[in-house]
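Visitor: I'd like to learn how to read a model like this one. Could you walk me through it?
Guide: Gladly; let's look at it together.

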Amino acid sequence: MSRPPRLAERLIRLLLPGEEHDELLGDLHERFQGVLGRKGPVRAVAWYWMQTFRSTPHLLLGWLRPVPRRGRLSTHQGVSFAGTGSPFRILRQEPLLSLTTVTVLAIGIGAPTTMYSIVTGLRQGLPLPDAQELVAIARVDPVVGGAAGFDALQFDAVREAQSAMAGLAAYRPVGAQIDGWPGAPTRAMAVELSAHAFALLGVDPVLGRLPGEAGAEPGAPPGS
Amino acid sequence: MRHGSLGEFEHLVLLATLHLGSDAYGVSVSEFIEERTGRRVNQAATYLTLRRLEEKELVQSSMGEPTPERGGRAKRLFTLTDAGRVQLREKREELMAMWEGIPESLGP
């Protein structure tokens, strides 16, 4: 796909009536081409939709404040409201786009609210003391363009320098083999934790013992 | 026209317009702010801010030629007006007065 999604463009036309939407669509088209060249069509389309979602409140607010028509900027000549007609009339004339707009707004408001509720509910349900204080920290990788983990040196540096948290612990999902329990060796998904994780979470191991602080030092023998 | 006070994003957009000179338009202003501040900028926010600054007579605009990379649409180029420069100068003096006497570490 070498052009922006048509539905998103139509949505912006609806939200910014009049001649002005051509200028904004031109800006978005130009930036879309840049993202397309750097990151490919899927990321470019996702970027365009994200811009459209995030534009919605700005453009809706634009309806509420008087703005000048092009070429009539002087206060002596007065100001008029943006667009060529009443937004409500346009909504009535374009029922499909109106439905799309309402749906986008509903998803935009509903999705974050739902995610927040789920995450909050999950955290409160964890069998840990002060579970509501747990947060996950990630690094933003400018190359990948998204969240990434820390390597051991970065983690140690952040852990020593930070003062905002009660403590930091690292985790890493790994594939593990469990021998002889409950029978034949089995493969399982496991999580490797740094030495401080159990103490930070305030829990004791069900089996075995906690690794000591000395075991987390570079060069420490296994099992220390 | 009463220019009023500058919002934070309006301030950034005016500074970007000043930096970019004759090549200031929606895309270049957004990209300049993203590059200098590291924040993500919504294109509609930049566009509407430039229009609002034009309404306040702090910038003025002219239309360029339609180009293929913009889907055959023309770009609107913006330049600072004298009032815009005065506003920026006042803002800078205001901020410098507030920062005066504060050490770089922000400590006591």
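Guide: Let's begin with confidence: pLDDT is the predictor's confidence in each residue, from 0 to 100. We need it here, as this is a predicted model.

Visitor: What is the mean pLDDT of chain A?
Guide: For chain A the mean is 77, and 77% of its residues reach 70 or more. For chain B the mean is 91, with 95% of its residues reaching 70 or more. The model as a whole scores ipTM 0.87 and pTM 0.53.

Visitor: Which elements of chain A have the lowest and the highest mean pLDDT?
Guide: Helix α4 of chain A, residues 87-93, has the lowest at 66, while helix α2 of chain A, residues 20-39, has the highest at 91.

Visitor: Where in chain A does pLDDT stay under 50?
Guide: First the general idea: where pLDDT is low, the predicted coordinates should not be read in detail. In this model, that applies to residues 67-85 of chain A, where pLDDT stays under 50. The model has 36 contacts beyond four places in sequence for that stretch.

Visitor: Now the interface. How much area do chain B and chain A bury between them?
Guide: The size of an interface is often given as the accessible area lost when the parts come together. Here chain B and chain A bury about 2500 Å², 49% of it on carbon and sulfur atoms. On the chain B side, Y47(B), R51(B) and R73(B) lose the most area to chain A, together 26% of what that side buries. The contact takes 27 residues from chain B and 28 residues from chain A.

Visitor: How many salt bridges does the rule find across the interface?
Guide: It finds 6. R31(A), for instance, forms one with E34(B), and their closest N and O atoms are 2.9 Å apart.

Visitor: Which elements give two or more residues to the side of chain B that touches chain A?
Guide: They are α2 (26-37), α3 (43-55) and β2 of chain B. Of these, α3(B) gives the most, with 9 residues. By residue type, that side of chain B divides into 10 nonpolar, 5 polar and 12 charged.

Visitor: In what sense do β1 and β2 of chain B pair?
Guide: Strand β1(B), residues 59-67, and strand β2(B), residues 73-80, pair in the antiparallel sense over 7 bridges. M63(B) stands opposite R76(B) in β2(B). The hairpin has 5 residues between the strands, and G71(B) takes a positive phi near 70 degrees.

Key
Residues are numbered from 1 along each chain as its sequence is written. Chains are lettered from A and ligands numbered from 1 in the order in which they are written. This is a predicted model: local features need pLDDT of at least 70, side-chain atom pairs count only at pLDDT 80 or more; totals for chains, interfaces and linings use all residues. Side-chain values use heavy atoms; hydrogens and water are left out. Two strands pair if DSSP finds at least two bridges between them. Helices (H or I, at least four residues) and strands (E, at least two) are DSSP runs, numbered from the N terminus. Contact means heavy atoms within 4.5 Å. Buried area is the accessible area (1.4 Å probe) that two parts lose on being put together, summed over both. A salt bridge is a side-chain nitrogen of Lys or Arg within 4 Å of a carboxyl oxygen of Asp or Glu. Ala, Val, Leu, Ile, Met, Phe, Trp, Tyr, Cys and Pro count as nonpolar, Asp, Glu, Lys and Arg as charged, and the others, Gly among them, as polar.
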